[in-house]
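Could you go through this two-part note with the sequence and the structure side by side?

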Amino acid sequence: MVEFRGVSKLFGRPGGGRVEALSDVSFEVKPGDVVVVVGPSGAGKSTLLRLVTGEERPSRGAVLVDGVAVADLSARRLARLRRTLGIVSQPGRLLDECTVTENLTRVLRALGTGRREARERAATALGDAGLAAMRDARPAELAEGERRRLLLARALATRPRLLVADEPVARADPAELAAVAGLVRAAVRAGGTALVATAVPELAPTLQGRRLELAGGRLCPEAPAG
Amino acid sequence: MAALVGGATLAGERALSAAVAGWRADLRLVAVLREAGGRRDPPEATLAAARALRGVAGVRYVSAELALAELRGVLGPRAEAIGRLPSNPVPARLEITPAADLDAAGLAALQQALARLPRVDEVQAAIGWVEPAERVARGLRQGGLALAALLAVIGLAAAIGAVARARRAGEDETAILRLAGVGETRLAVPLVLGAVGLTTLGTLLGLGALLLASQGGPAAAGPWLRAVFGLGPLPLLPLRTLAMLLAGGVGLGFLAALGGGRP
C-alpha cells in the first residue's frame, strides 16, 4: 500500500547549507499492516509521514501509495488520495472556537457526509475515543492526551483506508497507550492500515505491529514489535 | 459608491444630452442674402451650394416678402410703422438646420463655409453656447466615470482586505479541511461567496440610492435633491445599464476573492 524507495529529504538551513532529514529510506507497508516508526525527536519521523500525505516532496527517491508516486499527483488527485487517509499531524490543529463534536462534524460535512450521518459518526468516534463526556467542551478545556485522542477520533471518523498518525500519544501513560492502541487496532480490524510515528517506544509493543527504528534520518534494521 | 457615482454620471449625461438635443432642435444658422442686380428670385445656385455643404440637414429659403410678413407677425400692432417705409428693409435669407450630431467645431466651420457662398452677405449663428455645453458633457462623463473608477478601485481594495482577513481567520479550518482531502474549489467557495456578497450588497445599496434620486423615485426625494444639490431628480437609467452596473459589482467580488484569497 505504501512504499518508500530510496527516499531522502533535504531541507535548507536559514544560514545556508542543507540538513538531511531522511537518508535513503526504503520500506513497505502492506494492506492490514500496523507499522510503528519509533525514534527520538528530530529523527525524521514527521518528515517521513508528511511525505506520505503529500505535505512534503522527496529530494531523492519516491514515495508510492497504491503504486502511485505521491509527489507526481495533481492538486485534485492529491485531495482524492487524502480522502482515503486519516491524518493525525503534529502539532495537530483543532478548531478552538468549535465544540469537540463540531471539530468532527465540520470535517465530515465538508467531505460530503450528510448532517445526520456526520453527527452519528462523530458520536461513535468520540465514544470509541473515550471523549463522549466532553462532546460539548471546547478543545482548550481538554488535557493534552484528550486532544491527541480527539485528533485521532477525527481522523478515524472519516473511515480511512490508511491511518497516518504522528505522535498519537503525548506520553507513556498506560491508560493513554491502551486507549490509543485500541482505537488503532479497531480501525485496522475494520479493514484499514496504520502507519504511526511516535517518540514513545512503549506504544509499539502495545500496538503489536511492525517496529521501524528511525535515527538521524536513517532506518535501522527492522526489529519485531513487542 | 462607485455604482452610485457611475450611475449618476450616466444619468446626468442623459439629462444633459436631452437638454442639449432640445436646444439643438431649435438651432438655426441664418445666411442673410444680398440682392444681385435687383433680382429677388430664389438664388438657386446659393441654395444648391448650401444644401451640398457638410453638416447641413435642411435649408429653407425665406424671400424678402415672406421675411417682411413674418416680421409683421412678430411685431403685431407695432408693424404699422413698417408700412410707411419706402422699401422693404428686410432681406431674403436662408435658414440652415445643422445636422444633430454636428459638434461645435463643425458648426463654426459650417458658418464660415456659408459666409463664402455667393450672394451671402453675412451669417448669423447663435452657436457660442455649443462648445461650452460639449465641454461640460465631456467633463461630466470623464470626471464622473473617473471618480466612479477610483471608488471602484478603493472598493476593490477594501473587499480584498476583507477577504484576506477572512482567509487568515479561517486558516486553521482551511488547513484541517485541506489535509482531510477537501478540494481547493470547495475550500474557496466560502471566500468567493463572501466577497461577491459583500460587493453585490454594496452595489445594490448604491443603485438603491441612485433609484431614490431618479425620476420615479419617492416624491419627497425631489425637493431634498434640489435643496442639497440644486438638481432635480435624475432620469431613470435603462434596465440594461442598471444590470451592467450590478454585474460590475459582482465582478469586483470575484476579483476581490482572487486577490484576497491567495495566501
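The points below take the model's confidence, then each chain, then the contact between the chains.

1. This is a predicted model, in which local features need pLDDT of at least 70 and side-chain atom pairs count only at pLDDT 80 or more, whereas totals for chains, interfaces and linings use all residues. Residues are numbered from 1 along each chain as its sequence is written, while chains are lettered from A and ligands numbered from 1 in the order in which they are written.

2. On confidence, chain B has an average pLDDT of 83, with 96% of its residues scoring at least 70; pLDDT is the predictor's confidence in each residue, on a scale from 0 to 100. For the complex, the predictor gives an ipTM of 0.88 and a pTM of 0.68. Where pLDDT is low, the predicted coordinates should not be read in detail.

3. Chain A contains seven helices and ten strands, where helices (H or I, at least four residues) and strands (E, at least two) are DSSP runs numbered from the N terminus. Of its 226 residues, 46% count as buried, a term that requires 20 or more other C-beta atoms within 10 Å of the residue's own, with C-beta atoms placed from the backbone. Among the contacts in chain A with a separation of 6 or more, 65% come from residues 24 or more positions apart; a contact requires the C-beta atoms of two residues, placed from the backbone, to lie within 7 Å.

4. Four strands of chain A make an open sheet in the order E2-E1-E4-E5, with antiparallel pairing, and two strands pair if DSSP finds at least two bridges between them. The edges are strand E2 (18–29) and strand E5 (68–69) of chain A, each of which pairs on one side only. Strand E4 (residues 60–65) of chain A pairs with E5(A) in the antiparallel sense over two bridges, and Val65(A) has Val68(A) in E5(A) as its bridge partner.

5. Chain B has ten helices and four strands. Of its 263 residues, 26% count as buried, and residues 24 or more positions apart account for 78% of its contacts with a separation of 6 or more.

6. How do helix H1 (residues 2–25) and helix H6 (residues 130–169) of chain B pack, and at what angle? Their axes lie 8 Å apart at an angle of about 170°, with axes fitted as lines to C-alpha atoms over the stretch in contact and angles running from 0 to 180 degrees between N-to-C directions. H1(B) and H6(B) are therefore roughly antiparallel to each other, a label for angles over 145 degrees. The residues of this contact divide into 14 nonpolar, six polar and two charged; Ala, Val, Leu, Ile, Met, Phe, Trp, Tyr, Cys and Pro count as nonpolar, Asp, Glu, Lys and Arg as charged, and the others, Gly among them, as polar.

7. Between the chains, twelve residues of chain B are in contact with 16 residues of chain A. On the chain B side, helix H7 (171–179) and helix H8 (184–212) each supply at least two residues, and the largest share, six residues, comes from H7(B). That side divides into six nonpolar, two polar and four charged residues.

8. Which residues of H7(B) are buried? They are Glu173(B), Thr174(B), Ile176(B), Leu177(B) and Leu179(B), and the buried residues of H7(B) pack against helix H1 (45–53), helix H2 (75–82), strand E6 (85–88) and helix H3 (100–110) of chain A together with H8 of chain B. After H7(B) comes Gly181(B), whose phi is positive, near 100°.

Note on methods. Buried ≥ 20, exposed ≤ 12 C-beta atoms within 10 Å, placed from the backbone. Parallel < 35°, antiparallel > 145°, perpendicular 65-115°, else oblique.
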